[in-house]
Amino acid sequence: MAAFLQWRRFVFFDKEPVKDPGENGKNFALPSGISACDSGRGHIVLGDMEGQISFLTRSLQLTSFQAYKLRVTHLYQLKQHSILVSVGQDEHGINPLVKVWNTDKRDSGSPLCTRIFPAIPGNKPTEVSCLSVHENLNFMAIGFTDGSVVLTKGDITRDRHSKTLTLHEGNCPVTGLAFRQAGKVTHLFVATLEKVQCYTLSVKEYPRLELDIHGCALRCSALTDPSQDSQFIVAGDDCVYLYQPDERGPCFAFDGHKILAHWHRGYLLLLTRDTKSPNKPDFGSRETSPTEKQILTIYDLDNKFIAYSAAFDDIIDVLAEWGSFYILTRDGNMFMLQEKDTQTKLEMLFKKNLFVMAINLAKSQHLDNDGLSEIFRQYGDHLYIKGDHDGAIQQYIRTIGKLEPSYVIRKFLDAQRIHNLTAYLQALHRQCLANADHTTLLLNCYTKLKDSSKLEEFIKSSESEVHFDVEIAIKVLRQAGYHSHAVFLAEKHLHHEWYLKIQLEDLKNYQEALRYIGRLPFEQAETNMKRYGKTLMHHVPESTTVLLKRLCTDYQPSRDSTDRDSLDRTSLNKANSEEFIPIFANNPRELRAFLEHMIEEEQSPPQGVYDTLLELRLQDWAHEKDPERKKGLQEAALLLLRRENTVFDKALVLCQMHNFKEGVLYLYEKGKLYQQIMHYHMQNEEYSKVVEACKTYGDKEVCLWEQALGYFARKEEDCKAYISEVLQHIDQNNLMPPLLVVQTLAHNSTATLSVIKDYLINKLQRESQQIEEDERKIRQYRDETAHLRSEIQELRTSAKIFQKTKCSMCNSPLELPSVHFLCGHSFHQHCFESYAESEAECPTCTPENRKVMDMLRAQDQKRDLHDHFNRQLRSSNDGFSVVADYFGRGVFNKLTLITDPPGGKAGPGSLEADLQRDLLIHTKRNV
């Protein structure tokens, strides 16, 4: 049986007779005597036996012009150019003439004829059998009944730019010609009644290759579209063959006598004689008997079905234009085959459940993805209803990306179909369209099926093949008890938190978790140690402490020896060791080791590290019973206190809490809290230490002796020796008035007069000596004052004789003119003028006099500084001396200096005022 009989038949074309728009619905009548026809460039071209060429437009407007005097035999309309090539006769006999027309240009209302030349293969005239023109207008081939093929190369529209040669010679008529262009290579297929040959025109010698020894009848060859690789179709009576330039391709067993073959838009059109018709025309005859029936069949070779098949009466030709097929019959009628739209064709296939064919058709029609997805869905639904779940899931997989996954998942939630659901979910993940729920469902399917191999294959895919949410996968595997798989996934995809959580909480593999943290980068290692440090410290304290030491000094991730050499050591990674102290809450031994390591390694460790280590050492010191070890711990604690980063308040509180005497005293001394040192000894009733503290720090803070005396005075015990020692120091440095000493000791009932007897005797003796010394000075000052007054009186009442013989300035003998002063100094006039600052003052006495005047002015200014006097009086240990000093400065006396009145005349009291001033100046000078 012929192959095409096994192909399904459809009616994908609607047949309609072409109506004449101006004849009220009558059928359109073709011109009579049509001998040749073609289509292209928006019109159908007709040639008749009268030599006319007609153009039929889409609106069925017919225009004609006289092309030949006798008849038109062949027409070829180029598809990409407005060039029409015709063959006809202007004279009787065998005189074929080729004319090239430019339909865009006009000559007296007709298309412009650009070239005319005779179609003669040699010296012997012969009939033209077929014609073909290359779309680039560089080649034209004419086949003849004598087996010759004439090739015109160059611009076929002009005689001057082309040349003609005989390409092929033979005895069998040429029945078909077709040009094939592939890149820069041009081929010419030549079909005869007996052979199929191919010429390569892009090679100079035009090599020929014989493709087959079977030929075809006239008009039974065609060239497919470039989408079908531009294959040459030869329709024989038994088969239809497809040819490449170098070999024969596939063949189709379409039997029947072929009359016509065309190719258009993926369809093969074959016109065959009805098998019931007995007659067979000769080669050159186009005439058929009036009763002959012809069958037009349209094949879809890709999808292997018949798109249309119908019987017609005596078809002239089938032309493709304006998106439809037009069938021209000899009775003057024209029929249009309009292709149904793709959706209609698909619905016809759906009704017959031909989904595979529908899919192939949709792909060949370049249907969009949405349309294809809908076909796959319907096909999947059909298979699902039939019970073919495996086939259905394959179709549903092809809908991924367009169809909502829940539509498919709901159909396969049954436990018996879980393997189908698994296949769909796997495909969903491969296309990176799965969400967290899909990942969860797929992993649950693996666990339900106990398919460890598939599970491992899924989670161990390479980084570029991961199509799922890793975190969701880890959660599901953990819940299902696949801890090793979850750990692998977490480690591979660097989900450190999940890895550690599974290792610590599920697998209890603390050492491995610690090793993993040690391999992480610094920031992540620090974060995870803060999160899991307490757990790790509880189970593996020593290893955890080692890792924390690394983390807080100069952390580098653990690597192999080869990797470690390539690490960049320029950056220093150090965590804050103070933040990890809470991890050691129940591990004091490890905490001590960690803190001591940090103190040794870091130049300036955090304050919390120092304080915590100090507290630990003080605790150890407080609980230690062995004297030798206790002494060593004491030295260690003191060594820590002597560091520069000691915070006084915190350290003092810690030392006081643990009653660490040496530390407390050291901190008091370091903070210059000398009174606190003495009070500490007082509280502990360490009398000798109190006196020793006064001796050590009394020079820096003199009030310590007074406090010590008061402390011993309040004691009811016998402290005479300590009181005597304190009184001796007070007496030597005159730190307290005697009256205050007596009042202080009066509070001690055990202290008798004998305790202060020596102190009082010594004090009274020194006071007596001071009084005697002061009285002597008073007498001296009185004598000096009386002497000065007598000198002043003498100067005012007696003449002053100047007996100086030398200048007080240059020490040279005096010469007139000279200047003398009452003070006894004499000067050359030129020396006086050179050195004197004022004409009224002696240059020698001026500096001393100015000092005295400055002192007087300073005393005068300080008279009103009451606040300064009060502060000095309160802060002084001996207030009497301060008051006496201010008395001596005249602060409590109102001193008025009276100067000479203008004009140099002395007033009534001027003498007494001068005497007082001179006396004061002289007194201050002697002092």
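**Chat about helices and strands in a predicted model**

Me: Is Thr544 buried or exposed?
Reply: Thr544 is buried, with a relative accessible area of 0%. Keep in mind that this is a predicted model.

Me: What counts as buried, and why does Thr544 qualify?
Reply: Buried means under 20% relative accessible area, and Thr544 has 0%, so Thr544 qualifies.

Me: Where is Thr544 placed?
Reply: Thr544 sits in helix H15, which covers residues 541-552.

Me: And which residues is Thr544 in contact with, leaving aside neighbours within four places in sequence?
Reply: Those are Leu514, Met529, Gly533, Leu536 and Met537.

Me: New topic, strand E17. How many of its residues are buried?
Reply: Five of the five residues of E17, residues 196-200, are buried, so this strand is largely enclosed by the rest of the structure.

Me: Which way do the residues of E17 point?
Reply: Val196, Cys198 and Thr200 point one way, while Gln197 and Tyr199 point the other way. Residues on both sides are buried.

Me: Which strand is joined to E17 by five bridges?
Reply: That is strand E16, residues 185-192, and E16 and E17 run antiparallel.

Me: What do E16 and E17 form?
Reply: The two strands form a hairpin, with three residues between them.

Me: How many bridges are there between E17 and E18?
Reply: Four, and the pairing is antiparallel. Strand E18 covers residues 208-212. Tyr199 has Arg208 in E18 as its bridge partner.

Me: What do strands pair through anyway?
Reply: Strands of a sheet pair through backbone hydrogen bonds, and the pairing is either parallel or antiparallel.

Me: There's an open sheet of four strands too. What's the order?
Reply: The order is E2-E29-E28-E27, with antiparallel pairing.

Me: Which strands stand at the edges?
Reply: Strand E2 (13-17) and strand E27 (315-321) do. Each has a single partner strand, so one side of each is left without a neighbour in the sheet.

Me: How much are neighbouring strands of this sheet turned against each other?
Reply: By 20° on average, direction ignored.

Me: How many bridges join E27 to E28?
Reply: Six bridges join E27 to E28, residues 324-329, and the two run antiparallel. Glu321 has Ser324 in E28 as its bridge partner.

Me: Helices now. At what angle do H2 and H3 pack?
Reply: Helix H2 (residues 342-351) and helix H3 (residues 355-364) pack at about 165°, with their axes 8 Å apart. That makes H2 roughly antiparallel to H3. Their crossing is right-handed.

Me: Which residues make the contact between H2 and H3?
Reply: H2 brings Lys345, Leu346, Leu349 and Phe350, and H3 brings Phe355, Met357, Ala358, Leu361 and Ala362. By class, the contact of H2 with H3 has eight nonpolar residues, no polar ones and one charged.

Me: At what angle do H17 and H18 pack?
Reply: Helix H17 (residues 588-601) packs with helix H18 (residues 607-623) at about 130°, and their axes are 10 Å apart. That angle makes H17 oblique to H18. H17 passes H18 in a left-handed crossing.

Me: Which residues make that contact?
Reply: From H17 there are Leu591, Arg592, Leu595, Glu596, Met598 and Ile599. From H18 there are Val609, Tyr610, Thr612, Leu613, Leu616, Arg617 and Asp620. By class, the contact of H17 with H18 has eight nonpolar, one polar and four charged residues.

Terms used. Residues numbered from 1 in each chain as written. Predicted model: local features only at pLDDT ≥ 70, side-chain atom pairs only at ≥ 80, totals over all residues. Heavy atoms only, no water. Buried < 20%, exposed > 50% of the residue type's maximum accessible area, 1.4 Å probe, protein only. Pairing = 2+ DSSP bridges. Axes fitted to C-alpha atoms, helices over the stretch in contact; angles between N-to-C directions. Parallel < 35°, antiparallel > 145°, perpendicular 65-115°, else oblique. Left-handed = near helix turned anticlockwise from the far one by under 90°. Contact = heavy atoms within 4.5 Å. Nonpolar A, V, L, I, M, F, W, Y, C, P; charged D, E, K, R; others polar.
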